[in-house]
Every structure is written in structure tokens, then in C-alpha cells.
Amino acid sequence: MSPAEIRAAVIDILETIAPDEDLSNLDDAKEFRDQMELDSMDFLDIVMELRKRYRVQVPEEDYENLVSMASTVSYLEPKMADIPAE
Amino acid sequence: MYDSIIIGAGMSGLAAGIRAAYYDQKVCVLERHYTIGGLNSFYRLRGRNYDVGLHAVTNFTPPGAKKGPFARLLRQLRMKWDDFGLSPQLMSSISFPGIELQFDNNIDLLRSEVSKEFPQQIDNFDKLIASLIDYDDLEQKHFEVSTRERLQEIITDPLLVEMILCPIMWYGNPREKDMDWGQFCIMFRSLFLEGFARPFDGVRLILKKLVRKFRELGGELKLRTGVSQIKIDNGRAVGVVLDSGEELSGNNILSSAGAVETFKLCDSDEQLHAHTTGQLSFVEAISTLDKYPRELGHNKTIVFFNDSETFHWERPTDDFCDVRTGVVCTPNNYCYDEKDGDLPEGVMRVTALADYERWRAVDQSDYQSQKQSWFDQVQASAARFVPDYRPHVIDTDMFTPHTIHRFTWHENGAVYGATRKWLDGKTDINNLFLCGTDQGFVGIIGSIVSGISMANQHLLARS
């Protein structure tokens with residue numbers, strides 16, 4: 001998956017987790033929690049959805065990489081490079 | 001071999017099951033009763049539908065709200081606001097002799113009532129709200145601080161303290177006399193800052209939605225399947241023995257059976273926790289009327305009443321029931337959709353404190369006559385605070401602490417469970433966790449959130 005495809009995959013996950021959020025104006029550089037109503041349970045769901053959908057494991061010590069879209073995509077890039085886009 | 005075995009198909013067990021199944025676990029929910037719901041169940045009698053438990057779904061927030069437990073559980077269960085079919089309350093009250101505080105789902109009404117009846121206290125009342133609005137401290141030590149002491153520091157009129165405590169203790173305090181401050185804060189928000197609502201079809205609607213979701217995700221629900229023992233190997237829970245003798249093994253076990261009830265299944269250190277067994281149980285006198293309550297001039301959803309200036313929240317010691325305080329619930333009095341109209345008949349439900357031990361020990365023939373006698377006393381007590389509906393009663397039913405124990409297996413028929421809570425859901429046994437009432441959240445939304453968060457922490461995060 002390319003970075004753009006990974007970003008689209010994360011957007012899709014966020015839409016599943018928080019269907020009421022408008023993600024069209026999401027600022028990739030800003031932290032998710034400053035732009036969306038996401039609590040720790042929702043964050044866990046990003047990790048769980050990545051595992052469920054793409055078999056990508058994110059160990060607990062790496063959770064800090066998932067704070068914003070930009071950091072999430074760059075963290076996931078090596079892990080998801082070999083996954084074919086849908 | 002299951003990834004997760006969940007004991008109890010109530011709100012918390014089903015919600016936990018949905019979370020585990022959604023993330024592809026092999027999971028089963030085991031329920032001893034022949035139906036779902038646990039403490040929030042339902043039944044049909046002489047052609048009429050009854051709810052057990054549910055007076056009002058607390059924690060109500062309107063569609064689109066992103067904060068609060070209800071919004072959180074919808075996200076976590078991937079459900080829609082409409083799935084719960086909630087209609088908000090009309091208006092409720094806290095009624096003491098000669099004084100009443102009305103409230104609805106907007107805190108402004110309660111504030112204006114407090115400033116009208118207790119003009120000296122309104123600033124203190126605002127201070128109270130400010131002190132608990134962001135309360136998020138689930139640290140056991142801080143959670144267990146005395147509510148009475150905290151309230152007396154903030155509110156200087158003892159009558160107002162009693163009037164605030166009455167509805168909050170009624171809707172979720174497992175302890176006698178005093179209450180854990182953490183529990184108080186959670187309950188205050190769920191009653192007054194969020195609010196009351198009810199699905200037109202009652203609690204069965206929510207339960208059926210949860211079960212359907214659980215099954216669609218591949219979860220197994222086994223009714224009439226009681227657990228007689230939790231198998232432990234080297235300090236680690238490894239499976240369960242069913243009442244039938246059959247054994248199931250699982251990586252994790254999450255129990256909503258209650259804390260003491262769960263420890264009993266482990267034959268281990270139950271004595272260690274026996275003193276935490278809850279003492280508070282209830283009777284409820286349910287009447288079907290030949291008129292709608294509003295036709296009798298009754299427009300309130302819930303009335304919390306108390307017949308003196310002091311509110312006594314304790315197990316009755318010298319009789320079967322204590323009817324000095326009670327709750328009158330009128331399921332007709334919600335803002336239902338026009339397409340639904342009103343319920344088919346008028347219904348009044350009155351709940352009072354009761355002594356489990358007396359109701360358990362009484363013999364079968366006397367049980368019926370005690371029930372009749374206390375039905376009348378409970379209704380008579382309520383008739384002091386709501387229009388007297390007794391001439392209009394066409395059908396009745398009543399549950400006692402004995403009924404609660406018989407269908408939920410909760411010790412003492414204690415609806416709000418043990419007097420201490422296991423906030424992190426952990427037990428002394430590895431891989432055995434608690435959810436539901438004894439984990440710490442009560443009410444329908446609270447129990448669902450309990451199931452979700454315990455599943456997240458213990459069934460999913462470590463798998």
C-alpha cells in the first residue's frame with residue numbers, strides 16, 4: 001500500500017469507529033484528539049481494526065505513533081508496504 | 001476451546017460478547033436462566049408485557065452527542081442512536097413532605113427549583129455540579145470517599161442533602177446509609193446532567209438488538225446453561241463446569257454473575273469477600289390501570305418520595321419492607337413518537353426497600369398473603385405523593401427479593417450488588433475478570449459500558 005492508500009485505510013477505520021465525525025477537513029499534522037471526540041477506548045479500536053483488517057500488529061509501546069494522521073501513516077508505511085491495495 | 005467465556009447474558013455480558021466477537025474471538029455467553037437480561041429482563045403475564053428493572057434508561061443524551069457514556073457505547077458497539085429507540089422523559093420529581101424539586105433532562109429546571117426552594121443554597125449547588133462534572137477518578141481509594149461528608153462540606157442545608165441523595169441512592173447505591181463518592185458523581189451526571197429515557201417497547205428492544213448483533217458476529221449464546229464451577233489450574237482460570245456436568249475451556253473468563261457469586265464458583269477465598277455482599281433489595285408493586293395516569297392528573301415520569309426530612313437508605317430490620325421511601329415509575333409518561341402513541345394501558349410501578357432474609361424464610365402459604373399485604377402498603381405509601389390511582393387498578397403483579405434471587409442468583413437479591421466495587425475488573429485469579437454491577441457501573445447504559453470496557457482491557461488488549 002502506498003502512503004495515500006494507507007491514509008485512505010485509516011480514514012475508513014475512523015469512519016467505522018466514529019461515524020458521526022466529519023473527516024473531510026481532517027488536518028493530518030494535528031493530533032486526532034484535538035479534532036475529534038476520541039477517547040482511549042476509541043484509540044484501542046484503531047489498533048484493533050488494523051489487526052482485524054490487515055493483520056498489522058501495533059504493540060502497546062508504539063501507540064504514541066498513532067496520535068495524528070501524519071504520524072500514523074509514516075509509522076504504518078513499512079508495516080503495510082507489502083499489503084496489496086483493495 | 002474458547003478465546004473468551006462470558007458468564008451471564010445481561011447487558012454487560014452481551015456487550016462484552018459483542019466486542020469479543022467483533023474482533024473475531026471464539027466467544028460464548030452462558031446464561032442459567034431461560035431468557036436474557038439478568039437484572040434488566042422482561043416477561044409476559046396474562047397477555048401483558050412487563051419490564052424487570054428498567055424504570056428509566058439513565059445517561060440519556062440526544063442524537064449527535066459525542067460525549068458521555070451513551071455516545072461512547074454506540075461507537076464501541078457500532079450501533080446507531082436509533083437502535084435504542086429512546087424517548088426522553090416528561091418530568092420527574094423528588095418529593096418530600098411539603099416540598100418538591102422537579103427536574104427533567106435539562107439541568108436548568110432542577111437549578112431553578114433549588115433556587116426557589118433553597119435560595120441560600122443555589123451557589124453551593126452550582127459548586128457541587130462544578131466539582132463532579134469532570135470527575136474521572138476511578139482510583140479505588142478516591143472512589144470510596146464518603147459522599148455524605150463531601151456533600152455536607154458543600155451543601156449546608158441538611159434537607160437539600162437528603163433530597164439530592166434520595167434519587168441517586170435509589171438508582172444505584174449498593175451501600176447502606178452512605179455512598180461512594182465516585183459512584184455518586186457518576187450517578188449524579190447520569191440522572192441530572194444527562195437524563196432519563198425509555199424505549200417504547202421497553203427493555204426487550206435493547207436486549208434483542210444486543211443479542212442479534214452478538215449472533216451476527218458469530219457469538220454463541222447458550223441459555224439454560226448455568227455455570228456450577230470455574231476451573232482453576234495453578235492460580236489461573238482455565239474453564240468452567242456447567243450445571244449439566246459438561247466442561248468448557250477458555251483462555252479468559254469474564255463473569256457478570258456478581259463478585260461474591262463468582263468467587264463462590266471458584267471454591268477459593270469466597271470468605272474473604274463475603275462481608276461485601278449487598279444488603280439492599282426491593283419489592284415492586286406493578287399496577288395496570290383502566291385509565292392513563294395523565295387522565296388522573298399524573299404527568300410525571302418518575303417520583304422519588306420520602307415521607308420525612310431524613311432519608312433512610314438501609315435494609316429494613318424489623319419488617320418485610322420499609323415503605324417510608326419509594327420510587328413511582330410511570331412508563332406512559334415519556335415523550336413517545338407520534339407514530340407509537342401511548343402504551344396500550346396505564347401502568348404505575350412502585351418500588352420500596354425490602355428485607356431479603358424475611359422474604360426468603362417465609363413459607364409458601366404466608367408468602368402470598370405477605371405479598372398482598374405489602375402490595376397494599378406500598379401503594380398506600382405512594383398515594384401520598386401521586387394521585388391515588390388505586391380505584392383504577394385492573395391487574396397487578398409484584399416482585400420481591402425472593403423473585404430477584406430466583407431469577408438472577410444474586411446474593412440477597414441485592415440489585416446493586418456488592419458494597420465494594422472491583423473497578424479494574426481484576427480478581428486474585430489470573431484470567432478471571434468481573435464485569436457488570438460489581439465492576440462498578442450500574443444502570444442500563446452503565447452495565448453496557450462496563451461490559452465493553454472490561455472486554456477491551458481484559459479480553460482484547462492482551463490477546
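Modeller: Let's start with the layout: taken over C-alpha atoms, the centres of domain 1 of chain B and domain 2 of chain B are 30 Å apart. Bear in mind that this is a predicted model, where local features need pLDDT of at least 70, side-chain atom pairs count only at pLDDT 80 or more, and totals for chains, interfaces and linings use all residues. Residues are numbered from 1 along each chain as its sequence is written, while chains are lettered from A and ligands numbered from 1 in the order in which they are written.

Biologist: Where do the domains of chain B come from, and what are their bounds?

Modeller: The bounds come from an automatic or database domain assignment. For chain B that gives domain 1 (2-54 + 202-276 + 417-460), domain 2 (87-194) and domain 3 (279-408).

Biologist: Why does the size of chain B agree with a compact globule?

Modeller: The radius of gyration is taken over C-alpha atoms, and the globule rule is 2.2 Å times the number of residues to the power 0.38. With 463 residues, that rule gives a value near 23 Å; chain B has 21 Å, so the two agree.

Biologist: What makes a residue of chain B buried, and what percentage of them are?

Modeller: Buried takes 20 or more other C-beta atoms within 10 Å of the residue's own, with C-beta atoms placed from the backbone; exposed is 12 or fewer, and partly exposed is in between. In chain B, 54% of the 463 residues are buried.

Biologist: And helix 2 of chain A: how does its span compare with the expected one?

Modeller: A helix here is a DSSP run (H or I, at least four residues; strands are E, at least two), numbered from the N terminus. The expected span is 1.5 Å times one less than the number of residues. Helix 2 (residues 40-54) of chain A has 15 residues and reaches 21 Å from first C-alpha to last, close to the expected 21 Å. Its buried residues are A:D45, A:I46, A:V47, A:M48, A:E49 and A:L50.

Biologist: What covers those buried residues of helix 2 of chain A?

Modeller: The cover includes helix 1 (3-17) of chain A and helix 15 (443-460) of chain B. Contact means that two C-beta atoms, placed from the backbone, lie within 7 Å.

Biologist: How many residues does each chain bring to the contact?

Modeller: Eleven come from chain A and 13 from chain B. Helix 2 of chain A gives the largest share of chain A's side, five residues.
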